[in-house]
Amino acid sequence: MFFVNKSHSKKDLINCFKNLEIDLDKNLTKHEIIELLESKIRECKFNDYIKNPTELIEYLKRPTSRQKYNERKKREIMCIAQKIIEWSKNKYSFKIYDNINQPYNDIISICQYGDISSVRRACRLYNISPYCINNVNPIISKDLMIELHKKNYTKKESKFKFKFTKANYIISF
């Protein structure tokens, strides 16, 4: 049995091996999954993200790249992000903020929490504002970046393509 860092959750392990085309039983405990991993490593189909078994073992030894927050910290981050979103919805009026630097300082303080969707939205809305001092990009973990990329790809591929034409149709039953 090899070492897996405690920061990897059961869900993280299942998703990691799902990307390597190995299905792990969700009903197993985290400890049981870790015991199974040694036998499953040989069956993996490696990809660009994890290229070989040594890289996989190193990945599991390191702390997870996903960010974890306690309830209070996440509430504070969400509050700041919602404040920026409200500011943009109100056409960037300075009823919420007193000057141009306040929204910039707020967005800089939360941009490192890019795994939260409200933070990503707040950054996007701040970047298109007329009062944008510098472009601010949220810092997103590698796992979430891959997940978002797959989601966008499937969204583009599955768009329905209808062509509507104006004509007279007779339907009989």
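Start with a definition: a residue is buried under 20% relative accessible area, exposed over 50%, and partly exposed in between, using a 1.4 Å probe and protein chains only. This is a predicted model: local features need pLDDT of at least 70, side-chain atom pairs count only at pLDDT 80 or more, and totals for chains, interfaces and linings use all residues. Residues are numbered from 1 along each chain as its sequence is written, and side-chain values use heavy atoms, with hydrogens and water left out.

**Stop 1: L148.** Select L148, which lies in helix α7. Helices here are DSSP runs (H or I, at least four residues), numbered from the N terminus. Leaving out residues up to four places away in sequence, L148 touches R120 and I140. Contact means heavy atoms within 4.5 Å.

**Stop 2: helix α1.** Select residues 10-19, which form α1. Its buried residues are D12, L13, I14, C16 and F17. Their cover includes α2 (30-40) and α3 (53-61). After α1 comes E21, with a positive phi near 60 degrees.

**Stop 3: the largest pocket.** A pocket is an open set of points on a 1 Å grid over the protein atoms alone, where a 1.4 Å probe fits, with protein on both sides within 12 Å along at least five of seven lines; lining residues have an atom within 4 Å of a point. The largest pocket has a volume of about 310 Å³. Of its 14 lining residues, N15, N19, R66, D143 and E147 are the closest to the centre. Which helix gives the largest share of the lining? It is α1, with five residues. Helix α7 (142-157) supplies at least two.

**Stop 4: the second largest pocket.** Here the space is about 220 Å³. Select R66, Q67, K68, Y69, K74, D115, I116 and L144 to show the lining.

**Stop 5: α5 and α6.** Select residues 101-110 and 117-127; the axes of these helices come within 10 Å and cross at roughly 145 degrees. Axes are lines fitted to C-alpha atoms over the stretch in contact, and angles run from 0 to 180 degrees between N-to-C directions. Show P103, Y104, I107 and I110 of α5 with V119, A122, C123 and Y126 of α6: these make the contact.

Methods
Points joined across faces, edges and corners; volume = space filled by probe spheres on them.
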